[in-house]
Amino acid sequence: MRLLLLTHYYGPEFGAPQRRWSALISRFIAAGHPVTVAAPVPHYPAGRPTPTQRRSHRVGAVERGRHGEVILRTAYLPHRADIASRTADHLVAAADALRRLRRRFARPGTRPDVIIATAPAIPTLMVGRALSLLWQVPLVVEMRDAWPDLVTHVGPAGALGPEAVHAARRSVLRRALSWAVARVKGTVHQRVTGWQSGARAVVTTTGRFAEVLRERGVEPVRVVRNGTDLSLVARQRDHPSGDHPELRCLYLGNMGRSQGLDTVVRAAAALHREGVDVQVRMVGHGVEAPALAALAYELDAPVEVIPRIPHREVGSQYAWADTVLVSLRDWEPFAWTVPSKLYEILATGRHITALLAGEAADVVREAQAGDVLPPEDVGALTELWRELAAERSRTTVRASGRAWVADHADDEVLARRYLEILQRVTRD
């Protein structure tokens with residue numbers, strides 16, 4: 001099969017979507033299926049390319065990827081962390097992708113056998129739908145998270161910057177803003193559901209979100225989880241008895257509004273006041289990172305906030321930790337999602353502190369990989385870490401998490417499942 005992938009996020013950027021598609025495409029090509037990828041010039045997460053990326057990747061360039069895939073680089077719009085400017089970037093990239101792909105595949109004999117459009121970004125789905133109709137080629141829509149539910153769930157604060165939201169709340173425009181946001185939510189849901197319904201198949205990364213889409217009338221919906229490559233993730237070893245007196249708690253990943261990490265800082269501060277020896281390390285990037293560092297300073301919490309590190313250094317962070325934290329806010333769409341980082345953490349064997357609900361919580365329980373707590377519950381987290389500090393044996397490395405990944409979320413298994421879906425839609 002000749003495959004065309006439409007995505008806003010792709011290597012050499014590093015992140016969950018980029019890692020997922022690198023793992024899948026390497027296996028698609030190894031199985032004999034050529035792949036073309038349409039993606040913007042790399043500019044994640046800063047919103048603009050690094051100097052090295054600017055020199056190596058140009059708008060309109062046709063590159064050869066690390067697995068042998070063809071990459072068509074499309075335009076982008078430099079943006080900030082807010083949703084408004086990021087959405088504008090998504091629209092610019094989608095419009096340019098549509099124009100360039102129509103030109104590249106002008107001759108019928110060169111066109112792909114199947115198109116995969118993956119969201120976020122939402123405008124990518126629109127491009128996939130348009131090309132599918134134009135070329136009469138089957139479309140597979142991939143919803144990597146509960147989009148657009150996650151975006152529309154957060155309300156005006158997700159659409160505007162904090163200062164603008166504060167001003168709106170204090171002004172007579174508040175009701176008009178709320179009405180407008182509600183209308184936008186409804187329109188976005190209706191449009192995205194329409195694009196999903198027009199696809200030959202919809203792929204989600206969790207079973208619960210698949211159920212939500214089926215309830216909305218979307219069919220057929222298939223599940224291909226996010227995953228990890230067990231051959232690249234080392235199983236950690238237990239720390240020698242008495243190796244360090246403090247309980248070491250690690251958070252590794254995005255520090256945004258979705259994670260609710262102020263809960264962690266407040267729990268660490270409470271334990272510090274009690275005299276419990278705990279050390280929290282937060283490693284990553286995100287709009288909340290400066291605020292978390294400021295809160296830790298204000299509360300005199302034993303928390304260090306460290307900028308994002310290269311992936312080759314992640315193993316040393318897991319080796320340092322006694323327990324690894326996975327956290328999401330108590331928002332309904334998060335009951336349908338599973339953080340992609342969870343699978344890698346399961347593969348390490350480290351104890352997991354899970355501030356999660358829904359399917360993600362179920363995964364931790366099924367894998368017997370740690371302790372599950374209600375999201376955003378400072379009291380529950382404080383109590384758990386107090387117990388772990390007193391009884392360190394509860395954090396011993398366990399094989400059950402890695403075994404669960406081998407059965408349910410190994411990249412080899414996921415790639416085979418995805419290829420079966422693609423082959424089915426080309427036959428139907």
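Ala121 lies in the loop that runs between strand E5 (114–119) and helix H4 (122–135). Helices (H or I, at least four residues) and strands (E, at least two) are DSSP runs, numbered from the N terminus. This is a predicted model, in which local features need pLDDT of at least 70 and side-chain atom pairs count only at pLDDT 80 or more, while totals for chains, interfaces and linings use all residues. Residues are numbered from 1 along each chain as its sequence is written, and side-chain values use heavy atoms, leaving out hydrogens and water.

Let's begin with the backbone. The bond leading from Pro120 into Ala121 is a cis peptide, its omega near 15 degrees. Another cis peptide bond connects Tyr44 with Pro45, where omega is about 5 degrees. Pro45 sits in a loop too, between strand E2 (35–40) and helix H2 (51–56).

Phi angles are also worth a look. Asp300 has a positive phi near 55 degrees although this residue is not glycine, and its place is the loop from helix H11 (289–299) to strand E11 (303–306). With a relative accessible area of 52%, Asp300 is exposed (buried is under 20%, exposed over 50%, partly exposed in between, with a 1.4 Å probe and protein chains only). Glu376 likewise has a positive phi, near 60 degrees, in the loop between strand E14 (370–373) and helix H15 (378–390). Here the relative accessible area is 31%, so Glu376 counts as partly exposed. As background, most peptide bonds are trans and most residues other than glycine have a negative phi.

Now for the charges. The count comes to 22 salt bridges, each being a Lys or Arg side-chain nitrogen within 4 Å of a carboxyl oxygen of Asp or Glu. The table gives some of them.

| Salt bridge | Closest N and O atoms |
|---|---|
| Arg2 and Asp113 | 3.6 Å |
| Asp362 and Arg365 | 3.3 Å |
| Arg329 and Asp262 | 4.0 Å |

Arg329, in the loop between strand E12 (323–327) and H13, pairs with Asp262 of helix H10 (residues 262–274), so this bridge ties together parts that are 67 residues apart in sequence. Asp262 is partly exposed at 26% relative accessible area. A network of salt bridges links Asp262 and Arg329 with Arg266 and Glu376, and that brings back the Glu376 with the positive phi.

Asp362 and Arg365 are a local pair: they are three residues apart in helix H14 (residues 358–366), which means a separation of about one helical turn. Asp362 is partly exposed, at 25%. In the pair of Arg2 and Asp113, both partners are partly exposed as well, Arg2 at 33% and Asp113 at 30%.

Leu422, in H17, is buried at 0% relative accessibility. Leu419 of the helix is buried at 11%, and its C-alpha atom is 9.4 Å from that of Arg27, across 392 residues of chain. Arg427, also in H17, is by contrast exposed at 62%.
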